[in-house]
Amino acid sequence: MNVHASALAEAHLPDEQTTAFAREAIADLSQQPKKLSPKFFYDATGSELFEAITKLPEYYPTRTELAILRERGGEIGKIIPEHAALVEFGAGATTKVRLLLGHCRFAAYVPVDISGDFLKAQANGLKRDFPALGIYPVAADFTTPFELPRQVASMPKVGFFPGSTIGNFEPQEAQAFLKSARKILGTGAQMIIGADLEKDEKVLHDAYNAAGVTARFNLNVLVRINRELGGNFDLSAFTHRAIYNRERHRIEMHLISKKSQTVRLLGTSFSFRPGESIHTENSYKYSIERFAALAQGAGWRVRESWTDAARMFSVHALEVAE
């Protein structure tokens with residue numbers, strides 16, 4: 001640990017966010033088994049690669065959730081007061097919030113995302129199309145506490161967490177996030193959240209191993225480490241693999257070392273055996289009942305749930321439990 005602290009002290013990293021990235025990457029790669037947080041996929045390139053993944057025919061979650069938002073948007077929209085601020089955690093592209101705006105008119109939109117450049121570009125595009133909407137981007141790690149803009153302080157808050165991102169957390173981490181979101185949103189908060197459902201393993205395997213873009217997305221975390229932290233990962237020496245862990249109800253994404261190698265990052269060396277993995281992401285799959293229990297453990301109550309006809313994906317409206 002002293003070596004790690006010394007390496008960070010001598011690195012003269014440009015900002016707090018990069019320092020946090022370095023600290024977490026070094027700590028995670030020092031563990032056995034090695035891991036890296038999926039939140040570090042999402043620089044501008046990673047965000048663009050993920051948007052490309054969502055358009056692949058094998059990748060069902062995005063198009064299925066979009067269909068739910070289109071078909072049940074009127075019901076979902078009734079939950080959001082006209083004078084509310086919609087706070088989107090991990091905002092990314094504005095496709096889904098635009099669908100909500102087709103069914104309701106909230107007063108303000110607060111997109112929160114770790115990728116500041118991508119966030120700003122998306123917010124600017126939305127502002128052009130909805131000039132009357134107050135838009136207040138927040139560049140932050142939404143998994144940790146952050147301050148909401150003062151412009152929305154007096155407004156009722158509705159959290160928006162679409163996609164299957166809740167599945168990227170370990171169950172106890174998911175509850176911690178939901179508790180944090182409840183505190184950030186404040187008294188009387190509500191939340192609209194997407195959760196992927198359990199299904200046939202072949203469908204899951206195909207969705208998370210689709211085409212070369214999925215591999216590039218997974219490898220992008222190493223690209224970031226090389227560029228931002230001065231790492232020397234050889235991308236050609238790692239391969240993407242996604243497997244379904246039936247016992248734990250989750251897809252696991254890994255980067256597998258093809259050979260024996262040593263990688264350096266800010267003065268710290270990491271050795272890899274042939275076949276050794278960096279575990280980069282989990283995607284937990286829920287039943288309606290297990291998700292309701294998860295939310296209840298974090299102080300939320302499921303007000304209503306919607307699924308597609310094939311029950312591939314779910315969208316839930318949560319309210320703070322009394």
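## Legends to close-up views of a predicted model

View 1. H249 is found in the loop between β8 and β9. Helices (H or I, at least four residues) and strands (E, at least two) are DSSP runs, numbered from the N terminus. This is a predicted model, in which local features need pLDDT of at least 70, side-chain atom pairs count only at pLDDT 80 or more, and totals for chains, interfaces and linings use all residues. Residues are numbered from 1 along each chain as its sequence is written, and side-chain values use heavy atoms, with hydrogens and water left out. The hairpin of β8 and β9 has four residues between its strands. Phi of H249 is near 55 degrees, a positive value in a residue other than glycine. Most residues other than glycine have a negative phi. With a relative accessibility of 28%, H249 counts as partly exposed; buried means under 20% relative accessible area, exposed over 50%, and partly exposed in between (1.4 Å probe, protein chains only). β8 and β9 pair in the antiparallel sense over eight bridges, where two strands pair if DSSP finds at least two bridges between them. In this pairing R241 stands opposite H254 of β9.

**View 2. The two faces of β8.** Side chains alternate along this strand. F238, H240, A242 and Y244 point to one face and are buried.

View 3. The strands form an open sheet in the order β1-β12-β9-β8, with mixed pairing. β1 (34–35) and β8 (238–245) stand at the edges with a single partner strand each, so one side of each has no neighbour in the sheet. Strand β9 (residues 250–257) runs antiparallel to strand β12 (residues 277–284), and seven bridges join them. H279 in β12 is the bridge partner of H254. Helix α9 (residues 201–208) lies across β8, β9 and β12 and runs at about 160 degrees to β8. Helix α10 (residues 211–229) also lies across β8, β9 and β12, at about 65 degrees to β9. Axes are lines fitted to C-alpha atoms, for helices over the stretch in contact, and angles run from 0 to 180 degrees between N-to-C directions.

**View 4. The β10–β11 hairpin.** Strand β10 (residues 261–265) pairs with β11 in the antiparallel sense over five bridges, and L265 stands opposite T268 in β11. Two residues lie between the strands of this hairpin. L266, in the loop between β10 and β11, has a positive phi of about 50 degrees although it is not a glycine. L266 is buried, with a relative accessible area of 18%. Strand β11 (residues 268–272) has T268, F270 and F272 on its covered face, and S269 and S271 on the uncovered one.

**View 5. Packing of α8 against α11.** Helix α8 (residues 171–185) and helix α11 (residues 288–297) pack at an angle of about 55 degrees, with their axes 8 Å apart. The two helices are therefore oblique to each other; angles under 35 degrees count as roughly parallel, over 145 as roughly antiparallel, 65 to 115 as roughly perpendicular and the rest as oblique. P171, A174, Q175, L178 and K179 of α8 make the contact with A293, L294, A295 and G297 of α11, contact meaning heavy atoms within 4.5 Å. By class, these comprise six nonpolar, two polar and one charged residues. Ala, Val, Leu, Ile, Met, Phe, Trp, Tyr, Cys and Pro count as nonpolar, Asp, Glu, Lys and Arg as charged, and the others, Gly among them, as polar.

View 6. The axes of helix α2 (residues 16–29) and α10 come within 11 Å and cross at roughly 125 degrees. That angle makes α2 oblique to α10. T18, F21, A22 and A25 of α2 meet R224, I225, E228 and L229 of α10. These residues divide into five nonpolar, one polar and two charged. P33 lies in the loop between α2 and β1, and the peptide bond from Q32 to P33 is cis, with omega near 0 degrees.

View 7. M191 lies in strand β7 and, at 0% relative accessibility, counts as buried. Leaving aside neighbours within four places in sequence, M191 is in contact with residues including F89, F161, F177, L178 and W300. The C-alpha atoms of M191 and W300, 109 residues apart along the chain, are separated by 8.9 Å.
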